[in-house]
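Let's take a walk through this model together, from its loops to its core. Please have the sequence and the coordinates open as you read.

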Amino acid sequence: VQLQASGGGLVQAGGSLRLSCAASGGTFSAYNMGWFRQAPGKERDFVAAVNWSSGSTYYVDSVKGRFTISRDNAKNTVYLQMSSLNAEDTAVYYCAARSGIFYRGAPVPYWGKGTQVTVSS
């Protein structure tokens, strides 16, 4: 599975962005999809995930109520709608795919190239 993330950019604090991740080369609907982010000097951290079959969504506490993950199986695309952005959201955002659920430390076999999100204060 190949993943291509896009949609990053520079936004002012309080603004919004929508990230997209297009998948190819596999059966998209067979994978759970997630978003991770890595800020400068920090580890890559989980942000959100969506289950392929149930559509259940999961978020890290810091983005609950501000970010929404969704997927369109017909378009082989997962989205991350981000609003009320603040400086702490500045990071490189990566989309990811795995056949099982996402949990802390779960191996992730498929990563997209990151897309930079910069929030100016």
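Ser84 sits in the loop between β8 and β9, where strands (E, at least two residues) are DSSP runs numbered from the N terminus. Its phi is positive, about 50 degrees, although Ser84 is not a glycine. Asn76, found in the loop between β7 and β8, also has a positive phi, near 55 degrees. For background, most residues other than glycine have a negative phi.

| Residue | Phi | Relative accessible area |
|---|---|---|
| Asn76 | near 55 degrees | 25%, partly exposed |
| Ser84 | about 50 degrees | 42%, partly exposed |

A word on the ground rules: this is a predicted model, in which local features need pLDDT of at least 70 and side-chain atom pairs count only at pLDDT 80 or more, while totals for chains, interfaces and linings use all residues. Residues are numbered from 1 along each chain as its sequence is written, and side-chain values use heavy atoms, with hydrogens and water left out.

Which cysteines does the disulfide join? The structure holds one disulfide (a pair of cysteine sulfur atoms within 2.5 Å), and it joins Cys21 to Cys95 with 2.1 Å from S to S. This pair links distant parts of the chain, since Cys21 belongs to strand β3 and Cys95 to strand β9, 74 residues apart. The link is right-handed, with 55 degrees about the S-S bond. Cys21 is buried at 0% relative accessible area, and Cys95 is buried at 0% as well.

Now to the interior. A nonpolar core is a set of buried Ala, Val, Leu, Ile, Met, Phe, Trp, Tyr and Cys residues joined through side-chain atoms within 4.5 Å. The largest one has 28 residues, of which Met33, Trp35, Leu80, Met82 and Tyr93 touch the most other members. Strands that each supply at least two residues of this core include β1 (2-6), β3 (17-24), β4 (32-38) and β9 (91-98). Apart from it lies another core of five residues, including Phe36 and Phe102.

Finally, look at the elements β4, β5 and β6 (57-59), which each give two or more residues to the lining of the largest pocket. β5 gives the most, with four residues.

Conventions. Buried < 20%, exposed > 50% of the residue type's maximum accessible area, 1.4 Å probe, protein only.
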